[in-house]
Amino acid sequence: MERLLQGVKIKINDKLYVKDPESSELGKNIIEHSILLINKLGWENFTFKKLGKAIGSNESSIYRYFENKHKLLIYLTSWYWGWMEYHLVFATHSIQDPKEKLIKGISILTSEVKIDASFSHINEVILNEIVINEYSKSYLTKEVDNENKEGYFTVYKRMVSRIGEMIKGVNASYKFPSSLASTLLESALHQHYLKDHFSTLTDCNDKVAITEYLTHLVFNTLNTPINE
C-alpha cells in the first residue's frame with residue numbers, strides 16, 4: 001500500500017488556499033504543525049498567531065497560504081477524506097464480489113488509522129482525531145450552502161457516492177443507498193467519539209470493534225446475511 005501511494009498528491013480544491021501548502025517547505029510545516037496544535041489546543045483555542053509561534057514564523061506568513069482558520073480546517077479534513085479515498089480505492093478495486101467489497105470498504109472507513117510513511121509531514125493518526133472531534137465544525141456554519149456550491153466538500157461527497165455504489169452492488173433494490181452511506185461515515189466518526197468520551201452511550205469498546213457494529217448495521221439494513 002505504501003509503495004502504491006508513494007508520489008501520490010492528494011488533490012484539494014484550490015479555493016481553500018491562497019498558496020498551495022504542498023508547494024514549499026514552509027507550507028508543509030504549516031500543515032504539519034497545525035495538525036499537532038489543533039489536536040493539542042482544540043479548534044476554538046487554535047489561532048494563526050499560536051501556529052506562527054510554533055513554527056518560528058510570523059503570523060502573516062500563514063495568511064499567505066490560508067485566508068482564515070476555517071478554510072484551513074476544511075483543507076485538513078478534505079486531505080483526510082482524499083487520503084481515505086485512495087486507501088478505499090486501492091483496497092477494493094480488485095475485489096469482484098460485491099458483498100466482500102462492501103465489507104472491505106466498511107473496514108477501511110471504520111478501523112483504527114495508522115501512520116502512512118508516504119506523507120512524512122502529516123500525522124494521519126492525529127489528523128484522524130481532529131476529524132473525529134472537529135469535522136462537523138467545518139460544515140455546521142451559515143456559509144455551508146455557498147461553500148458547498150464552491151466545491152469545498154467534494155471529496156467527502158465523493159466518498160459517500162463510492163460507498164453508495166458499493167451498497168447498491170449488494171442490494172440494487174435498496175431505496176436509500178446515499179442515506180445509508182452518509183450514515184455510515186458519520187456513524188464511524190460518532191462512535192469513535194462516544195467510545196473515547198461517552199463510553200456508556202455505545203457498545204463499542206476494546207472488545208467490540210466499531211467495524212463489527214457498523215458492518216452488522218449496514219448488512220442488517222440491507223437485509224443481506226454477511227456470511228452467505
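**View 1. Asn 223 lies in the segment that follows helix H11.** Helices here are DSSP runs of H or I with at least four residues, numbered from the N terminus. This is a predicted model, in which local features need pLDDT of at least 70, side-chain atom pairs count only at pLDDT 80 or more, and totals for chains, interfaces and linings use all residues. Residues are numbered from 1 along each chain as its sequence is written, and side-chain values use heavy atoms, without hydrogens and water. Is Asn 223 buried or exposed? Asn 223 counts as exposed, because its relative accessibility is 71%. The cut-offs are these: buried is under 20% relative accessible area, exposed is over 50%, and partly exposed is in between, with a 1.4 Å probe and protein chains only. Phi of Asn 223 is near 55°, a positive value in a residue other than glycine. Most residues other than glycine have a negative phi.

**View 2. Helix H6 packs against helix H11.** H6 spans residues 98–110, and H11 spans residues 210–221. Their axes lie 9 Å apart, at an angle of about 140°. Axes are lines fitted to C-alpha atoms, for helices over the stretch in contact, and angles run from 0 to 180 degrees between N-to-C directions. H6 and H11 are therefore oblique to each other. Angles under 35 degrees count as roughly parallel, over 145 as roughly antiparallel, 65 to 115 as roughly perpendicular, and the rest as oblique. H6 passes H11 in a right-handed crossing. H6 brings Lys 99, Leu 102, Ile 103, Ile 106, Ser 107 and Thr 110 to the contact. H11 brings Ile 210, Thr 211, Leu 214, Thr 215, Val 218 and Phe 219. Contact means heavy atoms within 4.5 Å. The contact residues divide into 7 nonpolar, 4 polar and 1 charged. Ala, Val, Leu, Ile, Met, Phe, Trp, Tyr, Cys and Pro count as nonpolar, Asp, Glu, Lys and Arg as charged, and the others, Gly among them, as polar.

**View 3. His 121 sits in the loop between H6 and helix H7 (124–134).** His 121 is buried, with a relative accessible area of 11%. Its side chain makes a polar contact of 2.9 Å with the side chain of Glu 22. A polar contact is a pair of N or O atoms within 3.5 Å; within protein, one must be able to donate a hydrogen and the other to accept it, and residues adjacent in sequence count only if both atoms are side-chain atoms. Leaving out residues up to four places away in sequence, His 121 touches Glu 22, Lys 28, Ile 31 and Glu 32.

**View 4. Helix H7 is mostly covered.** How many of its 11 residues are buried? The count is 8. Among them are Ile 126, Leu 127, Ile 130 and Val 131. The cover includes H2, helix H5 (69–92) and helix H10 (177–197). Asn 123 caps the N-terminal end of H7, with a side-chain oxygen 3.1 Å from the backbone nitrogen of Val 125.

**View 5. Ser 138 lies in the loop between H7 and helix H8 (144–149).** Ser 138 counts as buried, at 0% relative accessibility. A polar atom of its side chain lies 2.7 Å from the backbone oxygen of Tyr 135. The C-alpha atoms of Ser 138 and Lys 71 are separated by 8.2 Å, although these residues are 67 residues apart along the chain.

Notes:
Helices (H or I, at least four residues) and strands (E, at least two) are DSSP runs, numbered from the N terminus. A crossing is left-handed if the near helix is turned anticlockwise from the far one by less than a right angle, and right-handed if clockwise.
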